[in-house]
Amino acid sequence: MTLDISSAPIASDTTDNAPPQATAEHVPGRQAVLLHDLTASLVVFLVAVPFSLGIALATGAPLTSGLVAAAVGGLVVGLLGGTPLQVSGPSAALTVITAGLITQFGWQVACAVTLVAGLLQLLLGSLRVARAALAVSPAIVHGMLAGVGLTIAIAQLHVVLGGSPQSSALTNLLALPGQLSGPHLPALAVGAVAIAILCGWPRLGRLSGSAGRVGGLLARVPAALVAVAAATWLSIGLGLSLARVELPAWSQHDLASAPSLTVLGQHWSILFAAVLTVTAVASVESLLSAVAVDRMAHGSSDLNRELRGQGAANVLSGLLGGLPVAGGAVRSTANIRAGAATRWSAVLHGLWVTLAALTLVGGLRRIPLAALAALVLVIGIQMVSFAHIRRVHRHREFPVYLVTVLGVVLLGVPLGVLMGGSVAVLLALCRLTRAHVDVSAEPDGSYLVSTHGPLTFAAVPRLSRALALIPSGARVTVAHDGSFLDHAAYEQVHSWRAGHQAGGGRVAVLTERHDDEVLDPDGTVRSGSSSGPHRCRAWTPWGGHHCIEQSDEDPHVRLLDGVRGFQQHTAPLVRHELARLAREGQTPSQLFLTCADSRLVTSMITNSGPGDLFTVRNVGNLVPAPYEPGATDDSVAAAVQYAVEVLEVRSITVCGHSGCGAMKALLDGVHERPGPPTPLARWLRNGRGSLARLKRAPAEFAGRPVVDLAEQLCITNVVQQLDQLLANPAVERRVNTGSLRLVGMYFDFATAQAYVLDREKGRFVSVSEEEHDERPVAA
């Protein structure tokens, strides 16, 4: 696999001179290498060796080329790259392109293409254009990966069945029925064992009880290593006669060679296109993977340095006869989960690959080709991510994805990507000319005209028809969403406004920018009313009012200004729903218990609206336990009982957050200071159980270390409050019957990242698009 990208916000820009940041900066450098990087490098090495051999097999290149690419990727990119925890190696996304080059021009020319592509990456990195690669539509990237995955899966299925793949995916598909009718049974048996282990091995950690503990330990061993080792042992133990790895001696290893003048003269355009394709695919794959690594490890990459590191690796890999190198999510994810702290884990992994390639040649030659083909087949299938398909469909870009997949499978990567890009451009142009105009009658007899999307000349007929429906003399509010307004639409709105006002009507034109504002065709803003105390929208206090100094404004005035903004803009949109709730009463499905911190906006982080959440807020998101000495506050218990017994909510979420003042006060001992206790000190005594748990069993994150002791107490407090919730008889009864779910959540302000407690893992895992179908485990 290659990429693991979501539509979450892209990592922040960094300057080229900024040093890369490690994710475990609180661990001293030498100690981090000894305690974290050494172990992580061994884990990644065990993943990389079979993966590299499998990719080389899929391309038709010498199998040693995969080991060369893995070693160079680890050593060179590890030392020079801008993403410390990313691990680079042979690229699965370039499998089809490399295979085509080998078939048409030979292996040495393919190496030369890799070398020149590396030089081009070095140039692009020096020009600091790395972030331009992130402008590629995710639908095209995921479609390309899915198309490549299907292509290599279909090809390697022939090898698993004991045959040989053909030159194209279409030819392989047409030849598949004949191959299925007469498979080579020993190869099929070995491949089936490898596939079964690859699919079933990660599930060992999900077993329960003592079997789950043993399975959890076994699941830490890479599935790829177990699958290849088991298939090899089976083939040797049963004495099966089948094709095995043909690992040539290093003395016979071919290095890069420039194409002859004849070939260069006849096929220069094909070779030039191949260089551009390898450069683009390897760069986009590496940079998007770097962004994904940043999200997992909460790091900060220097993408231009990363691109230069990838370029240097490709120059050296091509020169030494290796496959194209790119950053990959499979190796990088394994690196992070194994506890890597600095870039030395990737460097050491490259060193182990080098030693293995020089000393374990005899053992590697015993591996059946069917086992490696099964590994690559599973990798290819996993490159078709259903999470990506759902995300692309949600963003209405599935046509781009589908065209890219079909184009890559049937016509190859360059033409497939070009077709997908063409469809993306057509969809963008179509959306630029699409506008929605809605006219609704308000309860007070006025009319609301809502326009959404860019109002261009193409939308003028629709706009004219909608405005003609409004009776003369009526009061009208025209609300534009603030997007583009061209000259034709501008003239239409203002000519109608003048005519309607001449007939005795009243017209207010509002935009997202400010009350009674209209955007002129030249981009300037005209206002039809006096400006208020600030020019930004009322519903932006959480974004900060940068138009004025905070100290210059009366907070009461600002609050009333926000209420007026709600009445003008939001009330017309939610009035119908609030009226329904007023008639039917509240029926929330969740109780959300969180801190009173002003930075935590529950509706924003949960994407919820009126009637969705029954919310309880207090200092420190505490749940006083009845067994706590001196516990006298029943307000939380009353709210919980009302939510569980009267509202019959189906889940209770306890949400903590970073930088919690209550947790810092607990660590400072505010609740134990001598003298008469203050109300705050008495309340904080409800957190003593969290302090005790911090010493006994502190909570952890699954994908990153805690920042400091205060953050560890914040997440430990969430776990403790879930336990104290169970002391409420109503909660305990519903949980035991399975009708109530308890969920732990933590929100990090600095990264705008939410984490959910995974009870099976016993750790907090980040909430990402890829995980949105996984339900939190009930207490």
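Axes are lines fitted to C-alpha atoms, for helices over the stretch in contact, and angles run from 0 to 180 degrees between N-to-C directions. This is a predicted model, in which local features need pLDDT of at least 70 and side-chain atom pairs count only at pLDDT 80 or more, whereas totals for chains, interfaces and linings use all residues. Residues are numbered from 1 along each chain as its sequence is written, and side-chain values use heavy atoms, with hydrogens and water left out.

Q: At what angle do helix 26 and helix 27 pack?
A: Helix 26 covers residues 688–696, and helix 27 covers residues 709–725, helices being DSSP runs (H or I) of at least four residues, numbered from the N terminus. Their axes lie 8 Å apart, and the packing angle is about 115°.

Q: Is Glu 711 buried or exposed?
A: Glu 711 is placed in helix 27. Its relative accessible area is 6%, and under 20% counts as buried, over 50% as exposed and in between as partly exposed (1.4 Å probe, protein chains only). Glu 711 is therefore buried.

Q: Which strand has the lowest mean pLDDT?
A: The pLDDT is the predictor's confidence in each residue, from 0 to 100, and its mean over the protein is 80, with 83% of the residues reaching 70 or more. Among the elements of the protein, strands being DSSP runs (E) of at least two residues, the highest mean, 95, belongs to strand 11. The lowest mean, 41, belongs to strand 7.
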